[in-house]
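Morning, everyone. Please have the sequence and the model open while I talk.

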Amino acid sequence: MRLDDSDRRLLRQLIATPEASTAELAARAGLTEPTCWRRLERLRAAGILRGQRAVINWRALGYQVEVSLRITLDKTDPHAFDEFIARARQVPEVLEIQTFLGRVDVRLNLIARDMAHYQQVYRDRVLTLPHISDLEALMHLSDVKSEANLPL
Amino acid sequence: MIDLDATDRALLRAISEDATQSAGSLGRKLGLSQPATWRRMKRLREGGAIARHRVDLDLAALGFDVTVFLGVSLAAKGRVSLADFERAVSAIPEVQTVQHVLGLYDYRLRVVARDLSDFERILRRRILTLPGVGAVDANVLLSEERLPGPL
């Protein structure tokens with residue numbers, strides 16, 4: 001599907017204010033409401049617009065610690081990635097699993113209620129994951145930019 | 001801090017999959033009346049349990065084939081203002097997220113690009129010219145999976 005300027009305007013507005021009604025979006029993107037609705041439908045049908053998800057505010061739910069664990073795997077075992085990821089998925093505190101091409105193989109984004117809880121999850125659930133050869137942690141201090149905009 | 005029961009957790013789990021569902025359809029899935037669902041959603045919203053909504057887009061279909069995570073260390077700590085760096089890096093359109101972190105790096109950036117040569121252009125012209133930027137480490141994203149978390 002080829003996007004025109006109106007599609008791009010509409011997507012920019014949608015990314016900025018996902019909760020807006022179709023009427024509000026139409027006004028901001030300079031479209032009529034029926035046109036806006038049709039274009040959204042077209043973006044959905046083309047698989048570009050997959051949906052809308054609520055982002056949970058874990059701090060408000062009592063999770064004060066967020067850590068990015070950057071992991072290098074022992075790749076002499078051809079199943080290292082699959083087995084590591086399958087086990088990491090079972091850790092409830094893991095929010096994201098990303099794989100990379102670079103110095104780091106896998107990254108886990110992990111939350112915990114406090115440092116004591118983090119220590120417990122780290123020792124009992126993370127260090128016991130298979131095929132880890134090296135691991136480093138980045139403690140998350142704050143989100144400077146998080147709206148995930150796109151240069152459309 | 002907001003206390004959650006099992007129904008609240010199920011509601012949060014459902015809207016983190018699809019945030020466009022009405023109170024009526026959420027209620028039907030969880031065996032709640034529409035007013036009860038609405039009241040619970042209102043309490044969750046007002047208690048700050050929902051940070052925001054995120055639009056889920058197929059980046060490859062939009063022509064963004066490359067996502068790179070950059071670890072950035074500031075070169076002259078103490079001399080360069082963190083606020084100056086943060087303002088400049090946040091203004092780069094290709095930089096989707098900026099996290100201030102403690103560890104091997106000072107900042108973690110998520111950058112989207114059309115392809116690797118587009119990424120090289122962003123890195124050279126926009127990232128490496130930022131005030132106070134020191135060492136930069138890059139990892140190209142291959143796959144990404146989001147999980148519901150402890151709900």
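**A hairpin, then the interface**

Start at the hairpin of β3(A) and β4(A): four residues lie between the strands, and Gly102(A) takes a positive phi near 155° there. Strands here are DSSP runs of E, at least two residues, and helices are runs of H or I, at least four residues, both numbered from the N terminus.

Ground rules next. This is a predicted model, where local features need pLDDT of at least 70, side-chain atom pairs count only at pLDDT 80 or more, and totals for chains, interfaces and linings use all residues. Residues count from 1 along each chain as its sequence is written, while chains are lettered from A and ligands numbered from 1 in the order in which they are written.

Back to β3(A). Its antiparallel partner within the chain is β4 (residues 106-112), through five bridges. Glu96(A) bridges to Asn109(A) there. Pairing requires at least two DSSP bridges between two strands.

β3(A) also crosses over to chain B. Six bridges tie β3(A), antiparallel, to β5 (residues 133-146) of chain B. Here Glu96(A) has Arg146(B) as its bridge partner.

And β5(A)? It pairs antiparallel with β3 (residues 95-102) of chain B over five bridges. His140(A) partners Val101(B).

Now the whole contact. It draws 50 residues from chain A and 55 residues from chain B; contact means C-beta atoms, placed from the backbone, within 7 Å. On the chain A side, α1 (5-16), β1 (49-56), β3 (94-101) and β5 (132-145) each supply at least two residues. β5(A) gives the most, ten residues.

Composition of that side: 27 nonpolar, 13 polar, ten charged. Nonpolar covers Ala, Val, Leu, Ile, Met, Phe, Trp, Tyr, Cys and Pro; charged covers Asp, Glu, Lys and Arg; the others, Gly among them, are polar.

Definitions and conventions. Two residues are in contact if their C-beta atoms, placed from the backbone, lie within 7 Å.
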